[in-house]
Amino acid sequence: MEKFINHIQLGYLGLLPFLGCVGWPLIAGSNAVNLDFFTFYSIAILAFMAGNLWHAGQQTHADAIKAIIPILPIGFLSFLPSSWILAWLAASFWLVLLFEKSTPQWQTYHVDYQKMRFVLTSVVFVCHIFVIGMSIYPE
């Protein structure tokens, strides 16, 4: 358990910006800066999570492709409305979790880490739904 305790603590700390971006507009009103910050932070965290799936030289070609699928379309999505980008990001967090669960390493992870990954993905998904709603109905 000790080797996963830092991962668990850092995982939950990583939720604070997501939660802050959902809570801030409720306190101070919605704005474009909040939406941009949420989107960029989401992209950064998704890229980090997908990058953790990349085990160069230790995985099949198909598994290597899975690691980049969630991130690859981000550049093209930037030309679409923000709600579409956020929907892709929300779904991609689930994709990354599903891909991670399909790796042989998943079975070696502590049950608390596995639970934390499900909780984090669920909370991040719900945050995306809230921000999508706030971007569609800003006031």
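How far apart do the end C-alpha atoms of residues 12–32 lie, and what share of the span is helix or strand? In this predicted model, those end C-alpha atoms are 26 Å apart, and the span is 81% helix and 0% strand. Residues 12–32 are among the stretches for which an unreviewed UniProt entry gives the feature "transmembrane region", together with 38–56, 68–96 and 116–137.

**Annotated spans and helix α7**
- Residues 68–96, also listed in the UniProt record as "transmembrane region", are 69% helix and 0% strand, with end C-alpha atoms that lie 9 Å apart.
- Helix α7, which covers residues 111–136 and has 26 residues, reaches 38 Å from its first C-alpha to its last, close to the 38 Å expected at 1.5 Å a residue.

**Aromatic pairs**
- The structure holds 9 aromatic pairs, and in one of them the ring centres of F18 and Y41 are 5.0 Å apart with planes at 65°, so this pair is edge-to-face.
- Because F18 lies in helix α2 (residues 15–28) and Y41 in helix α3 (residues 32–52), the pair ties together parts that are 23 residues apart in sequence.
- F18 is buried, with a relative accessible area of 2%, and ring pairs link F18 with F37, F38, Y41 and F93 into a cluster.

Conventions. Residues are numbered from 1 along each chain as its sequence is written. This is a predicted model: local features need pLDDT of at least 70, side-chain atom pairs count only at pLDDT 80 or more; totals for chains, interfaces and linings use all residues. Side-chain values use heavy atoms; hydrogens and water are left out. Helices (H or I, at least four residues) and strands (E, at least two) are DSSP runs, numbered from the N terminus. The expected span of a helix is 1.5 Å times one less than its number of residues. Rings of Phe, Tyr and Trp (its six-membered ring) pair if their centres lie within 6.5 Å; planes under 30 degrees apart count as stacked, over 60 as edge-to-face and the rest as tilted. Buried means under 20% relative accessible area, exposed over 50%, partly exposed in between (1.4 Å probe, protein chains only). UniProt positions are given in the numbering used here, feature names are shortened, and annotations may be inferred rather than shown by experiment.
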